[in-house]
Each structure stands twice: as C-alpha cells, then as structure tokens.
Amino acid sequence: PADTATGVALAANVSVTFSEPVNVAPGWAGINCATSGAHPGVPSGGPTTWTVNPNADFAYGETCTVTVTGANVTDQDAIDPPDAMTANMSFAFTTLDAPPPPNTPPTVNAGGPYQVDQGGTVQVSATGTDPENGALTYAWDLDNNGSFETTGQTATFSAAGLTAPLTRTIKVQATDPGGLTDTKSATVNVVWHNGGFDIPGGGNRPTFKAGANVPVKFSLSGNHGLDVLRPGYPA
C-alpha cells in the first residue's frame, strides 16, 4: 500500500520498491499494527521490489506502520563495497472499516385480547423491539382486509355498526429503518353493554322481608332477545 493509503484489504501483502537492486537481511522490514500487533512474514521478489506476505491478516479499521531498517538493506552494485541505506524509512496505511452488521427483522406484539361494548370504541396498543435499536414505525389493519391503513403505535378500534356478541381479528405491522417487518394479530371481543345490576332503592340500602321477591334488573342497551344469559345462570 502507498503511504497514508486507506481501505487496505485485510489480506494485503506489503511491497517495498527501492531505487536500485538491493539485498535484504532478516529483519529488514517490520510491520506493526495498532490492533493486531506485529506481522512478521517471508520476503519474496527482489532485487528492486521486495514483497512481504504477513503471517496473518490485518484487523478491520486499524493503522499499520511499515519500517524498513536501513542497516539491513544493501545495494548490489560492484562499484564499491555494499552500501547500506543511510537511514530507516517508514510508511503507514489504514485497513478497511468493518462492514455494518446485517439487518435483522424486528418483533412486534399486538397486545390483547381486547374488549369493547357494542357501538363503542377501544384503544389498541402495540409494543416492538428492533435488534439494531432502530426506531420502529407501526401500522394497523383494523378491519382485517390485508391493508395496514392506520398508522401509529396505538390506534382506536370502533365497534360502530357491529352486533354483539362478535370477535374480530386485527393486525399490527412494525417496520424497522431497513424496511424489514414483523406482523402480529390480536382479537377484539365485541360485547353487549352491561350497565350493571340494579335493585329497588339503589344506594339507600333497602331492606326486604324474608321470602319476598326482589327484582334484579340490568341493561344491555337494547333488545338482544331472550337468549342473553350463559347456561346455568342466573345463579
């Protein structure tokens, strides 16, 4: 790699080109990296360009420095006794950054089961998590038609026009920033509105004679026929 190069492959070799043919002695080139440490290797090539294949790959996103020890590099010309480099030389490079982790789908929970009086409304709410801690967006299919047309983590289910007793399925879809989704369903039970039991006298704590008939009344907010009590009731 060139001096100050970035994005160098982890399996890269290191080459050094000299201005003339040279001989190299053991220890002529040292490769030291900030994370993975020293990388000794076997030189090859020459006599002008020598290549070192490091003993192990580099690590992601680290800076490595190559130092050429001048005393261990001598020229090959026969004009005079072998001359060594007058000084050590060094250069540095940075390896490529680690790839981002793969995006994984979120998970969502639609809550429930929910209950709503006939003709009333109920708030439904979802919870979700994203493995990458991204912000999730939510959308609801409240009429179970396959279209998630109601956005928001919470939504309002309306039982207007629905006749109790009835069970409806609703769905929620969570989407992460990478576009991956998860869908879950919940049930909404539409029930008659029971205004509560009422007895004569209300809150005045009435008293009755033993053996007397006491009318107990309740309202379902409309005529739903006579088959409105569970088997075995009242009790």
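Q: How many disulfides does a search of the whole structure find?
A: The search turns up 1 disulfide, meaning a pair of cysteine sulfur atoms within 2.5 Å. Bear in mind that this is a predicted model, where local features need pLDDT of at least 70 and side-chain atom pairs count only at pLDDT 80 or more, while totals for chains, interfaces and linings use all residues. Residues are numbered from 1 along each chain as its sequence is written, and side-chain values use heavy atoms, with hydrogens and water left out.

Q: Which residues form it, and how far apart are their sulfur atoms?
A: Cys33 and Cys64, with the sulfurs 2.0 Å apart. Cys33 sits in strand β4 (residues 29-33) and Cys64 in strand β8 (residues 63-68), so the pair links distant parts of the chain, 31 residues apart. Strands here are DSSP runs (E, at least two residues), numbered from the N terminus.

Q: Why is the disulfide right-handed?
A: Because the torsion about the S-S bond of Cys33 and Cys64 is about 110 degrees.

Q: Is Cys64 buried or exposed?
A: Buried, with a relative accessible area of 0%. Cys33 is buried too, at 8%. Buried means under 20% relative accessible area, exposed over 50%, and partly exposed in between (1.4 Å probe, protein chains only).

Q: OK, new topic: what's in the largest nonpolar core?
A: It has 22 residues, and those with the most contacts inside it are Val124, Trp140, Phe157 and Ile170. A nonpolar core is a set of buried Ala, Val, Leu, Ile, Met, Phe, Trp, Tyr and Cys residues joined through side-chain atoms within 4.5 Å. Apart from that core lies another, of 19 residues, including Trp28, Trp50 and Cys64.

Q: What does Phe157 touch?
A: Not counting residues up to four places away in sequence, its contacts (heavy atoms within 4.5 Å) include Val116, Val124, Leu142, Ile170 and Val188.

Q: And the sheets: in what order do the 5 strands of the open sheet come?
A: The order is β1-β10-β8-β4-β5, with mixed pairing. Two strands pair if DSSP finds at least two bridges between them. The edge strands are β1 (5-8) and β5 (37-38), each pairing on one side only. Between β4 and β5, which run antiparallel, there are 2 bridges.

Q: Which residue in β5 is the bridge partner of Asn32?
A: That's Ala38.

Q: What about the open sheet of 3 strands?
A: That one runs β2-β7-β6, with antiparallel pairing. Its edge strands are β2 (14-17) and β6 (41-45). There are 5 bridges joining β6 to β7 (residues 49-54), and Pro43 stands opposite Val52 in β7.

Note on methods:
Helices (H or I, at least four residues) and strands (E, at least two) are DSSP runs, numbered from the N terminus.
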